[in-house]
Amino acid sequence: MPMAIAFSFAQSTLFSKSPLFFHINGFRSFAFSTSAVVSWDKLRRQKWRQPVASVLELGGVKMAKDDVVRDDPTNNVPDTIFSKIGMQLHRRDRHPIGILKNAIYNYFDTTYPDKFDKFDDLCPVVSVKANFDDVLVPEDHVSRSYNDTYYVDPQTVLRCHTSAHQAELLRKGHTHFLVTGDVYRRDSIDSTHYPVFHQMEGVRVFTPDDWEPSDVDGTSYAAEDLKKCLEGLARHLFGAVEMRWIDTYFPFTNPSFELEIYFQEKWLEVLGCGVTEQEILKRSGKTNNVAWAFGLGLERLAMVLFDIPDIRLFWSTDERFTSQFSEGQLGVKFKPFSKFPPCYKDMSFWINDSFTENNLCEVVRGIAGDLAEEVQLIDNFTNKKGMTSHCYRIVYRSMERSLTDEEINDLQWKVREQVQHKLNVVLR
Ligand code: DAH
């Protein structure tokens, strides 16, 4: 999606720009509007989900499919997403995501023996309060929209970041912790974006005893400690790399930074972090403390460390993928078992006011699943009558086999049909 390119590689920057930034630059529609909700209402009334059965138990919480996926305008969780809940790639020791998690644990265990509490089984269904309010995400922030986040009901979401657990763990008295988990975001389709991915959150709380012996105030002390800790982590994962700190914005930290490393001739954003907003600490009963926090996207790091070219591969159960990784082996380079030919299909339609690219991508994924490699806007114009036409190119490709013409034509036919009916657009 050309409009999103400026924004993110492998999904980690949703929070790093102020809402104002979104308004001015118009990179993304500020879509927490009734029109987005109404269009979902239309979608919901038509039963188009494929059946998925199961009851899950996660972090002690029992969940049936009907608890998460409902025919209700306030619910936008499709079956395809429910089927990913509970997969917990981050808890598999021979999966790249699990190997990377363990390597980060390893760094914290050696640098701070017995200090950090680790959580990797917290339930991904969380309250809107935990996901947004408790970490001070503004009421009108784009990330709260139905277009960007999966809502189970108006008060409940699939967490869109592991920061959703910060406040609760602080309230429970934890002062050093790491939270790893699957996170969910409605998004575009390309080789670095997938609606489910994994993050790790880290938090460390200081007391006046920590910073008072030094000459600096608590905030500077925490910021310095944070940078030292994360530079060490980056070296642990990437070796002796060049690094730089970029000032940025997050609702939950002040000051806020991004760490970038120079890797394979490019500056790569590795993580977001900062000194926790006092308000968050205050609300969790820690008025005399200062803390730092960071959040990193595991897929984006694993893609670089293991040379994994497409984010869909993480979900592959093909032995030619899974057999290439072993426990404790960080950075073994993935050897593509073959590259199957892509197939391109274009479709043009007149959009309406409630059209969003994320809704289009959800329809495409609902039909083609992981065979959809990319959905790209290739033409966009408005005629004299004020009608806007979009032309999208859908790239179909399997990671595992060659697709037949018949199969792709069938998929494309279904996509055209559903796009027309569910998104209420007029095909050209
Ligand atoms: N939650 C942020 C995101 O998903 C990442 C992040 C940034 C987490 C800064 C933090 C932080 O704890 O301090 O984009």
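**Helix packing and local backbone features**

Of the 428 residues of the protein, 56% count as buried, where buried means under 20% relative accessible area, exposed over 50% and partly exposed in between (1.4 Å probe, protein chains only). The model is predicted: local features need pLDDT of at least 70, side-chain atom pairs count only at pLDDT 80 or more, and totals for chains, interfaces and linings use all residues. Residues are numbered from 1 along each chain as its sequence is written, and side-chain values use heavy atoms, with hydrogens and water left out.

The secondary structure comprises 14 helices and 16 strands. Helices (H or I, at least four residues) and strands (E, at least two) are DSSP runs, numbered from the N terminus. The protein exposes about 18,300 Å². Carbon and sulfur atoms supply 49% of that area. Accessible areas come from the Shrake-Rupley method with a 1.4 Å probe; for residues, only the protein chains shown count as cover. Among contacts between residues at least 6 apart in sequence, 68% join residues at least 24 apart. Contact means heavy atoms within 4.5 Å.

Helix H11 spans residues 298-305. Of its 8 residues, 8 are buried, so H11 is largely enclosed by the rest of the structure. The buried residues are Leu298, Glu299, Arg300, Leu301, Ala302, Met303, Val304 and Leu305. Just after H11, aspartate 307 takes a positive phi of about 60°.

H11 packs against helix H5 at an angle of about 100°, with the axes 10 Å apart. Axes are lines fitted to C-alpha atoms, for helices over the stretch in contact, and angles run from 0 to 180 degrees between N-to-C directions. H5 and H11 are therefore roughly perpendicular to each other. Angles under 35 degrees count as roughly parallel, over 145 as roughly antiparallel, 65 to 115 as roughly perpendicular and the rest as oblique. On the H5 side, the contact is made by Ile97, Leu100 and Ile104. On the H11 side, Leu298, Glu299, Leu301, Ala302 and Leu305 take part. By class, this contact has 7 nonpolar, no polar and 1 charged residues. Ala, Val, Leu, Ile, Met, Phe, Trp, Tyr, Cys and Pro count as nonpolar, Asp, Glu, Lys and Arg as charged, and the others, Gly among them, as polar.

H5 (residues 96-111) also packs with helix H9 (residues 218-238). Their axes come within 10 Å and cross at roughly 130°. That makes H5 oblique to H9. The crossing of H5 and H9 is right-handed. A crossing is left-handed if the near helix is turned anticlockwise from the far one by less than a right angle, and right-handed if clockwise. H5 contributes Leu100, Ala103, Ile104, Asn106, Tyr107 and Phe108. These meet Lys228, Cys229, Gly232, Leu233, His236 and Leu237 in H9. The contact of H5 with H9 has 8 nonpolar, 3 polar and 1 charged residues.

Leu360, Val363, Val364, Ile367 and Ala368 of H13 meet Leu411, Lys414, Val415, Gln418 and Val419 of H14. By class, the contact of H13 with H14 has 8 nonpolar, 1 polar and 1 charged residues.

Several local backbone features lie in loops and strands. Asparagine 424 sits in the loop between H14 (405-422) and strand S16 (426-427). Phi of asparagine 424 is near 60°, a positive value in a residue other than glycine. Asparagine 424 is partly exposed, with a relative accessible area of 40%. Glutamate 265 lies in the loop between S10 and strand S11 (266-276). Its phi is near 65°, again positive in a residue other than glycine. At 70% relative accessibility, glutamate 265 counts as exposed. Strand S10 (residues 253-263) contains proline 255. The peptide bond from asparagine 254 to proline 255 is cis, with omega near 0°.

Glycine 59 is found in the loop between strand S1 (55-58) and strand S2 (61-64). At 38% relative accessibility, glycine 59 counts as partly exposed. Glycine 59 and leucine 122 are 63 residues apart in sequence. In space they are 4.9 Å apart, C-alpha to C-alpha.
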